[in-house]
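Subject: Structure handover

Hello,

Please find the structure for your work below. My notes on it come after the sequence and coordinates.

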Amino acid sequence: MAKKIAGVLTAVKKVRGGAKVPHRKNTAETEIVRIPTPSKVVIPMSMHIGAPCEPVVKVGDEVAVGQLIGDSDKFVSAPIHATVSGKVVEVGNVKLPNGTLSQAVTIESDGEMRLWDGIKPPKVETREDLIKAVRDSGLVGLGGAGFPTHVKLNFPPEKNIDTLVINAAECEPYITVDYRECIENSWDILSGVYTLKDILGFKQVIIAVEDNKPEAFKVLKAIADNKVDVKDEVKLMTLESKYPQGAEKMMVQSATGRQVPPGKLPADVGCVVMNVASVAFIARYLKTGKPLVSRSLTVDGSAIAQPKNVRVPIGTNIGEIIDFCGGFGEEPCKIITGGPMMGLSIVGTDLPVLKQNNAILAFSKSDAVLKPEKDCIRCGKCAAVCPMSLVPTNIVKAVKAKDVDMLNKVGVMVCMECGSCAFACPAGKPLVQHMRLAKSILREEAKK
Amino acid sequence: MVNGKLLTVSASPHVRSVQTTTKIMLDVIIALLPALAVSVVAFGPRVLLVCAVSVTCAILAEYASRKIMKRSTTIGDLSAIVTGLLVAFNMPSTIPFWMVGLGSIIAIVVVKQFFGGIGQNFANPAIVARIVLLLSFGAEMTSWVKPLTWKVDAVSTATTLASLKTGVTENLPSFGDMFLGMRAGCLGETCAAALIIGGIYLCIKKVIKPIIPLTYIGTVAVIMLLKSHGNLNFVAYELLSGGLLLGAIFMATDYSTSPINTKGKVIFGIGCGIITALIRMFASMTEGVSFAILIMNLLVPYIEKATTPKPFGTPKKEKKEAAKA
């Protein structure tokens, strides 16, 4: 899998630093399989960045797959749909994987997965139609952040957005669902790209794949090269496999050479970055009108008996998904949602899968226990790997001294908590925690 | 909670590199071994005793000072062994045992632990130990052994640097001898070949970056080339003499006392080179490596301040303004 691809367009400008994290893409050759219909789903009303939705159904209502069950009148939000057919048995608070409480709708499945009658393909001719359709689909960034996609696409024309970057880097270890999406649904990806390019008027589209996924590259390139129309020109690019290549700012730099200034977004340098699974979903939604009710997940880690890529209804219980993958082969010591570099470690398996989750990883003791913390030896590895040119060890010093002036100078606010520094640190320092602490000190200070 | 057992919950990232402080220190020790082996051949088995005393004193001093200060024991990270070895490497093989022991204790207690232990020292412990001993016990610190004879012979064993300085060049060892370490000098500094092998090992293992050694040695080479009006022979002798290679590869690259970023490392290396060359050319001392590194150690905070990179994406204009302010 780690073979390099020769003779193709590679990054315009290489990303500085970055950590050589282990790939561990064990499930790369495992096709995505659909899990049996769960008996019950718990669908939180807050699965995105922005305003939470309000439930629009009540206990006792019969619902079908794709039926609206939660919505918000706020702009930065994404509607939520029933993911199984059945009866609403509870509307109340549940704990989310990150420990916060959210309203949720619990649906007891009737096992039929009956589609809602109201589902029909949207008519999309103008820009406004497309933004509305994407909003109605309930799509949020499927790469992990969960930012409502319609907000991202609704950029004002004066921003001069000329480039769409499709992110297929998938730089986190273990996760292979985006890779599988490229292999299994490559036509959807390209069809989504063509539609977005056509309607939103991007001058160029770049699909960027890390060079450890030559198969994905080959499949997408074959389709892109076979274009019927000249206006369907799409560039494919390979990027060096290093973490965090898939981070938005890194992606923009690699693909276009542009640097997003601190505190700004890719849109400020004329780019929109979308995850490859998100763009494929848009193509399917425009064809069928079926909103975001399921997603693919990589289930892996040393404690999982049979690692798999699975497609699950959103709101499925994590424990049920693990059971489908043969349960625990070894005693689990740590379970995380998302990748091992930025994922969230969870307190138990009785939690629902959210729209933006892309993996469930369970580790046995040997992988879960990290090296003990020692004193900093100032080796500078944290600074060498930081993609944002920060010097984490200096930030730690400023945090320990609660030195606000110093914290303002060291630029910690650009830190995206990618974890490269903590990964590289030979002294086992919890550097990401210090970065978070630094940011919260500065936020407190700003309030004063 | 799974099956009644609590799960570990921690902040990301959930994977860590295999590199640890102990492994880094072990790599440095391995890199020092070739030079030690050559030294035993050149100056006799007493070399091993000097090293043993130095390392033992370093470990005991570290253990005792941490205990007295009620801090955690840190001898497991092997850094005391590295310091002990480097102190020994900076001594002549004839050094009285109590003296090398004293050097180790100064290095560990005064320079390292008084300032907070590993990563906190402002100057290289072994360098300070060497300077203190050199200023206190000048005679013992400069009593050289003739290579392979294992005997002290003050007349014929003036160091190469002293000969170069006085212009007495008849008794200079051949290039081959210089390169293989068959010359008078401190026990760890003489064999260029072994030190370079150690340096390459450290670079391959990514323990150090070659920037400081290359800029340091390069700067000395350029200055000596200008001084001698292009006499390559002279330049080569200057580079292979004294403690330049040991200092540039193993002492100037010390993490705690050298800059973290590349630009800072270049400035640090060039600075060390200039000071070393100036001392060798104009001062009454024959060798300037220790003082050069010590002076640059003290300047590291300023170098760091001036060369810390601006965060990703900072516009060029702001960068210039920040540099002015």
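The notes below cover the contact between the chains, then the domains, then the cavities.

Please keep in mind that this is a predicted model.

Chains A and B

The interface of chain A and chain B involves 60 residues of chain A, in contact with 40 residues of chain B. About 4,100 Å² of area is buried between the two chains, and carbon and sulfur atoms give 58% of that. On the side of chain A, A:Leu370, A:Ile377 and A:Arg378 supply 17% of the area buried against chain B, more than any other three residues.

As for polar interactions, 18 residue pairs are in polar contact across the interface of chain A and chain B, counting pairs with both residues at pLDDT 80 or more. The interface also has 2 salt bridges. One of them joins the side chains of A:Glu331 and B:Lys5, with an N to O distance of 3.2 Å.

Domains of chain A

Chain A is assigned two stretches: domain 1 covers 127-288 and domain 2 covers 381-447. Their centres, taken over C-alpha atoms, are separated by 30 Å. The two domains of chain A do touch: 6 residues of domain 1 are in contact with 6 residues of domain 2. The area buried between domain 1 and domain 2 of chain A is about 470 Å², with 77% of it from carbon and sulfur atoms. Within domain 1 of chain A, the residues that lose the most area to domain 2 are A:Tyr243, A:Pro244 and A:Met250, which together make up 65% of what that side buries.

What does the count of salt bridges between domain 1 and domain 2 of chain A come to? The count is 0. There is 1 residue pair in polar contact across the interface of these two domains of chain A, with both residues at pLDDT 80 or more. By class, the side of domain 1 of chain A that touches domain 2 consists of 5 nonpolar residues and 1 charged residue, with no polar ones.

Cavities

The structure has 4 cavities of 30 Å³ or more. For the largest cavity, the volume is about 340 Å³. This largest cavity is lined by 24 residues, and those closest to its centre are B:Met25, B:Val82, B:Leu86, B:Asp254 and B:Tyr255.

Regards

How values were computed. Residues numbered from 1 in each chain as written. Chains lettered and ligands numbered in written order. Predicted model: local features only at pLDDT ≥ 70, side-chain atom pairs only at ≥ 80, totals over all residues. Heavy atoms only, no water. Domains from an automatic or database assignment. Contact = heavy atoms within 4.5 Å. Buried area = accessible area lost by both parts, 1.4 Å probe. Salt bridge = Lys/Arg side-chain N within 4 Å of Asp/Glu carboxyl O. Polar contact = N/O pair within 3.5 Å; in protein donor to acceptor, adjacent residues only side chain to side chain. Nonpolar A, V, L, I, M, F, W, Y, C, P; charged D, E, K, R; others polar. 1 Å grid on protein atoms, 1.4 Å probe; cavity = no way out; pocket = protein on both sides within 12 Å on 5 of 7 lines; lining within 4 Å. Points joined across faces, edges and corners; volume = space filled by probe spheres on them.
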